[in-house]
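Reader: I have a structure to go through with you, if you have a moment. Could we take it one topic at a time?

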Amino acid sequence: MGTRIILIVLSLLLLAACGPKRPTFDKTKFGTTEHDVTYCTVNELPQKMDVYYPSSGGPWPVLVYMHGGSWYQGDKSDGVGWGDMAKSGVLVVSLNYRLGDYQTKFPAMIEDIKCAVRYLRAHQYEYNLDPDRFAAVGASAGGHLAALLATADPSAGWDVGEYLDQSSKVQAVIVMSGIADFTSNIPNGLNTSIFYSFGYLAGSNTPENATASPITYVTPDDPPFLIIHGDKDGVVPIAQAEILDQKLKEAGVPSTFVTIQGGDHSLKTLSGEPTIPSQEEYSKIISDFLKEHLKLKQ
């Protein structure tokens with residue numbers, strides 16, 4: 001009987017040795033930046049990302065950055081500043097996504113972003129990442145998309161394409177100068193961009209506008225939010241941030257709302273004078289938020 005058990009154990013070990021090996025992280029990537037990595041392909045068009053690697057350790061938490069640009073312009077290179085978070089032991093990923101044009105309209109953008117998160121989880125070992133510690137950050141149009149990523153679950157219909165066995169959920173989100181409610185009053189200049197990239201005008205309570213609004217999907221199980229908005233924002237009114245903060249708190253979702261006094265759409269003053277809080281101060285708020293919710297070492 002003992003010999004039989006030994007033979008079974010040896011057979012199992014042999015099968016394990018012959019099976020597919022788990023991918024491993026290439027340690028030559030420590031402390032480097034990898035550009036133009038394909039994460040998903042849509043209609044034969046590869047979607048690209050830049051990856052900023054910490055210099056040691058892992059598995060790392062992940063910070064996914066979505067650039068702004070009114071949904072029809074902008075580039076992942078805008079995320080280079082966030083790449084500094086790699087020094088704090090965070091894998092930073094800056095995404096390109098399909099932009100609005102005469103053929104491409106929303107929800108192409110959020111479909112791509114969700115695919116990127118699923119891709120990263122599907123390749124967790126190659127990227128040396130922790131699949132349970134994802135944060136999203138975006139400004140302007142990117143802030144809108146970050147909020148959608150955090151609130152809209154698969155029932156929204158945007159988890160399509162590749163890696164559908166993986167989740168697109170995140171554990172924390174930072175929204176800067178973002179739009180949250182397409183059914184509310186929208187400035188004409190912003191509405192022009194919305195019409196071009198979405199195919200319809202915002203500012204009325206239509207099914208299309210509700211579908212595009214992050215507040216539509218808010219539920220108690222959403223991740224903690226950090227919302228930052230300038231009170232002199234002439235592009236996206238601060239009322240958008242107030243609406244989002246209110247909806248989150250009504251649902252019991254942790255939400256920290258930071259008003260940048262004197263801040264415009266870029267969170268700076270037109271005069272060049274310091275804002276209140278200053279850039280240094282709200283940068284620390286961001287850093288502390290990520291340390292808390294990504295469980296970074298102090």
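Reader: Which residues line the largest cavity?

Author: Ser 70, Trp 71, Ser 140, Ala 141, Ile 179, Leu 190, Val 235, Val 236 and His 265 line the largest cavity. On a 1 Å grid over the protein atoms alone, a cavity is a set of points where a 1.4 Å probe fits but cannot get out, and lining residues have an atom within 4 Å of a point. This is a predicted model, in which local features need pLDDT of at least 70, side-chain atom pairs count only at pLDDT 80 or more, and totals for chains, interfaces and linings use all residues. Residues are numbered from 1 along each chain as its sequence is written, and side-chain values use heavy atoms, with hydrogens and water left out.

Reader: How much space lies in that largest cavity?

Author: The largest cavity holds about 40 Å³, where a volume is the space filled by probe spheres set on grid points joined across faces, edges and corners. The search of the whole structure finds one cavity of 30 Å³ or more.

Reader: And what volume does the largest pocket have?

Author: Its volume is about 550 Å³. Among its 20 lining residues, Trp 82, Met 176, Gln 279, Tyr 282 and Ile 286 are the closest to the centre. A pocket is an open set of points with protein on both sides within 12 Å along at least five of seven lines.

Reader: Which helix gives the most to that lining?

Author: Helix H8, residues 279-293, gives the most, with five residues. Helices (H or I, at least four residues) and strands (E, at least two) are DSSP runs, numbered from the N terminus.

Reader: Changing topic to helix H4: how many of its residues are buried?

Author: Eleven of the eleven residues of H4 (141-151) are buried, so this helix is largely enclosed by the rest of the structure. Buried means under 20% relative accessible area, exposed over 50%, and partly exposed in between (1.4 Å probe, protein chains only).

Reader: What do the buried residues of H4 pack against?

Author: They pack against helices H2 and H5 (188-198), and against strands E3 (60-66), E5 (129-139), E6 (172-176) and E7 (225-230). Contact here means heavy atoms within 4.5 Å.

Reader: Which backbone oxygen lies 2.8 Å from a polar atom of the Arg 121 side chain?

Author: The backbone oxygen of Lys 169 does. Arg 121 is found in helix H2, residues 108-122, and touches residues including Pro 131, Phe 134 and Gln 166.

Reader: How many salt bridges does the structure hold?

Author: There are eleven. One joins Asp 130 and Arg 133, whose closest N and O atoms are 2.8 Å apart, and both of these residues are buried. Another joins Lys 87 and Asp 84, at 4.0 Å from N to O.

Reader: Is Lys 87 buried or exposed?

Author: Lys 87 counts as exposed because its relative accessibility is 73%.

Reader: Which residues are linked in a network of salt bridges?

Author: Asp 36, Asp 50 and Lys 76 are linked in such a network.

Terms used. Polar contact = N/O pair within 3.5 Å; in protein donor to acceptor, adjacent residues only side chain to side chain. Salt bridge = Lys/Arg side-chain N within 4 Å of Asp/Glu carboxyl O. Lists of a residue's contacts leave out its neighbours within four places in sequence.
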